[in-house]
Amino acid sequence: MSAFLNDRNSTVKVLKMSGKIEKFNQESVIEEFESITKEAGRVQRETLRKILEENSNAEYLQRLGLKGRTDLESFKACVPLVTHKDLEPYIHRIADGETKPILTGKSITTISLSSGTTQGKPKFVPFNEELVKSTMQIFQTSYAFRNREFPIENGKALQFIYSSKQFKTKGGLTANTATTNVYRSKEFKNTMKDIQSQCCSPDEVIFGPDFNQSLYCHLLCGLIYWDKVQFISSTFSHSIVHAFRTFELIWEELCTDIRDGVLTSRVAVPSIRAAISKLLKPNPELADSIYKKCLGLSNWYGVIPELWPNAKYVYGIMTGSMEPYLKKLRHYAGNLPLLSADYGSSEGWIGANVNPQLPPESATFAVLPDIAYFEFIPIREKLEEQELVKSLSTIVYTESEPVSLTEVKVGEEYEIIITNFAGLYRYRLGDIVKVMGFHNSTPELQFIRRRNLLLTINIDKNTEKDLQLAVEAASKPLADEKLEVVDFTSHVDLSTDPGHYVIFWELSGDATDETLSGCSNCLDQSFLDAGYVGSRKVKAIGALELRVLRRGTFQKILDHYVGQGAAVSQFKTPRCVGASHCVVLQILCSNVVKSYFSTAFGCT
Ligand code: AMP
């Protein structure tokens with residue numbers, strides 16, 4: 001057996017022999033990955049043993065009666081499956097300053113805030129060094145595979161990354177979003193250097209207090225280093241699309257800054273101004289060239305390769321709730337390949353994209369068997385109606401026993417359970433994945449959706465994916481008017497009798513009433529779930545309503561989340577706005593310009 005089992009951070013180890021950072025070695029990283037995935041079952045059991053051993057004195061595990069045992073059978077017999085809600089009392093005691101071992105052997109000193117866009121408010125999640133290490137391991141692994149297919153030269157990356165506001169919990173622990181915790185670590189800087197991914201912008205821009213000023217400066221730095229940029233990236237691809245939508249509005253101002261060598265007064269944060277002034281020198285030639293290139297573009301098609309001719313690809317998470325932005329991303333990227341990034345969460349990483357050549361729509365993630373212990377609850381799709389217990393917002397299936405990483409079956413869907421090195425044991429992440437194949441003996445997963453139902457009134461059940469497909473189908477006629485859906489969300493309106501679905505759209509321009517009426521009918525007909533169709537036919541659910549929003553509404557929603565401490569880097573538009581998102585619902589409702597009721601199942 002190779003040496004990795006003695007050190008689960010094997011990839012990191014490759015880089016740090018004898019305490020000295022050695023040059024990143026692509027082939028060694030791939031070799032290590034091949035090695036751990038060939039023995040995925042054994043590595044998983046060893047990983048679980050280490051987690052339980054390191055944390056055997058944690059109150060949580062002691063209370064469950066584990067008594068220092070580290071074997072799989074005792075673990076499964078003593079430790080229950082939990083959700084975030086179950087662990088909340090423990091996490092809050094940690095955040096309130098209790099220093100004794102509560103969830104982990106070593107006390108937790110930092111808290112991560114999840115993006116909070118699915119539940120309405122950010123969740124507290126324990127964070128520690130182990131999560132930083134696994135992040136670096138994932139970054140190195142996917143880079144090694146990516147670089148083999150799409151090699152880059154030594155240069156820079158135009159990265160749209162942003163930190164969140166940092167604050168202290170009641171007990172004095174630092175709280176940030178998980179991405180910010182990672183960006184602040186020294187390992188991040190070193191790894192970015194190793195994998196030729198150094199950001200064009202100085203730290204003052206990444207850690208700036210105002211997201212809009214940081215975005216402006218990311219674009220400016222990208223243009224200053226136009227010939228060095230090897231790729232364009234962000235954590236979630238929404239940030240890239242958002243950046244280029246903004247670029248369409250401010251490109252002339254950027255040209256003026258470059259021409260004169262003077263930063264616009266819209267960037268007011270002194271630390272950012274000071275950092276940028278070191279890079280920005282009058283460069284009329286560059287300004288003219290950018291100006292000419294922008295004028296020559298047709299509707300901004302291919303702006304990325306036009307302005308960054310040495311860029312090899314666009315990189316970021318493009319799967320799941322990011323899929324609706326792919327069309328716009330392809331438009332901006334022109335002929336450049338879109339490479340979808342890895343799969344993880346504030347609770348920990350899961351898998352790396354080791355097949356970067358696959359288009360984002362079919363991207364898969366090979367699970368790294370040494371970063372956490374994983375279990376999978378089979379999701380049985382075709383349940384008998386009586387087997388299904390339904391609550392308002394969640395489908396609760398009659399559940400099968402979780403299976404291990406190596407027991408999952410190709411073609412089946414599962415809910416992921418994670419046990420990590422930062423105090424989460426048999427934790428239901430809330431994501432549904434499908435097994436597409438195996439890389440050696442570790443599964444390659446495709447992200448399917450969040451577990452929660454989005455839209456349900458009585459026996460209907462529609463998920464995030466169903467909504468996404470309905471919007472995709474219904475927005476097709478807009479293309480004839482050269483329009484697109486900028487962003488969308490939904491709401492269940494129970495203030496009418498019967499209740500009905502409301503879909504909110506922000507459009508890139510004005511569409512005719514005729515087109516939008518057609519779109520609302522098409523939306524209504526695109527929810528194919530039998531419960532919905534049946535309820536619509538007997539009028540147990542009212543006509544679907546399409547509400548068109550004023551331009552800029554989703555920017556207001558983003559600003560609202562950022563104001564609450566969320567980081568743009570982890571932002572995901574909430575796809576259903578319910579009672580727990582009351583401010584967002586207010587923003588939406590006060591920005592409706594027109595509304596259209598479907599007549600697809602006859603008039604209401
Ligand atoms: P958060 O920790 O709140 O920023 O978000 C983590 C969640 O983002 C995960 O549980 C997934 O639902 C989603 N996510 C993360 N990575 C991916 C990916 N590669 N593809 C699709 N969804 C993802």
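# A parallel sheet, its helices and its aromatic rings

Strand β6 (residues 229-236) runs parallel to β7, and 4 bridges join the two. Keep in mind that this is a predicted model.

- Together with two other strands, β6 and β7 belong to an open sheet of 4 strands, in the order β3-β6-β7-β8, with parallel pairing.
- At the edges sit β3 (156-159) and β8 (338-340), each of which pairs on one side only.
- From one strand to the next, the twist averages 25°.
- Which residue of β7 is the bridge partner of I232? The partner is V314.
- Helix α12 packs on the sheet, where it touches β6 and β7, and its direction makes about 115° with that of β6.
- Helix α16 also packs on the sheet. This helix touches β7 and β8, and its direction makes about 135° with that of β8.

**The nonpolar cores**

- The largest nonpolar core has 157 residues. Those that touch the most other members are F160, I232, F244, F247, W308, F374 and F376.
- Helix α12 gives this core its largest share, 10 residues.
- A second, separate core has 28 residues, including L454, V492, L516 and L523.
- Let's return to I232, the bridge partner of V314. Leaving out residues up to four places away in sequence, I232 touches L158, F160, I240, F244, I304, W308, A311, Y313, V314 and Y315.

**Aromatic rings**

- How many aromatic pairs does a search of the whole structure find? The search finds 26.
- One of these pairs is F139 with W349, an edge-to-face pair at 6.0 Å centre to centre, with 70° between the planes.
- F139 lies in helix α7 (residues 129-149) and W349 in strand β10 (residues 348-352), so this pair ties together parts that are 210 residues apart in sequence.
- Is W349 buried or exposed? W349 is buried, because its relative accessibility of 16% is under the 20% limit.
- The rings of W251 and Y291 have centres 5.1 Å apart and planes at 45°.
- W251 lies in helix α12 (residues 238-260) and Y291 in helix α14 (residues 284-296), so their pair links parts that are 40 residues apart in sequence.
- W251 is buried, with a relative accessible area of 9%, whereas Y291 is partly exposed at 30%.
- Both W251 and Y291 belong to one aromatic cluster, along with F160, F244, F247, W300, W308 and Y332.

**Charges over rings**

- The charged end of K156 sits over the ring of Y225, at 4.9 Å from the ring's centre.
- R575 has its charged end over the ring of F488, 4.1 Å from the centre of that ring.

**A loop residue to look up**

- Where is T319? You will find T319 in the loop between β7 (313-317) and α16 (326-333).
- T319 is buried because its relative accessible area of 10% is under 20%.
- Setting aside neighbours within four places in sequence, T319 is in contact with S340, P360, A363 and F365.

Key:
Residues are numbered from 1 along each chain as its sequence is written. This is a predicted model: local features need pLDDT of at least 70, side-chain atom pairs count only at pLDDT 80 or more; totals for chains, interfaces and linings use all residues. Side-chain values use heavy atoms; hydrogens and water are left out. Buried means under 20% relative accessible area, exposed over 50%, partly exposed in between (1.4 Å probe, protein chains only). Contact means heavy atoms within 4.5 Å. Rings of Phe, Tyr and Trp (its six-membered ring) pair if their centres lie within 6.5 Å; planes under 30 degrees apart count as stacked, over 60 as edge-to-face and the rest as tilted. A charge sits over a ring if NZ of Lys or CZ of Arg is within 6 Å of the ring centre and within 35 degrees of the ring normal. A nonpolar core is a set of buried Ala, Val, Leu, Ile, Met, Phe, Trp, Tyr and Cys residues joined through side-chain atoms within 4.5 Å. Two strands pair if DSSP finds at least two bridges between them. Axes are lines fitted to C-alpha atoms, for helices over the stretch in contact, and angles run from 0 to 180 degrees between N-to-C directions.
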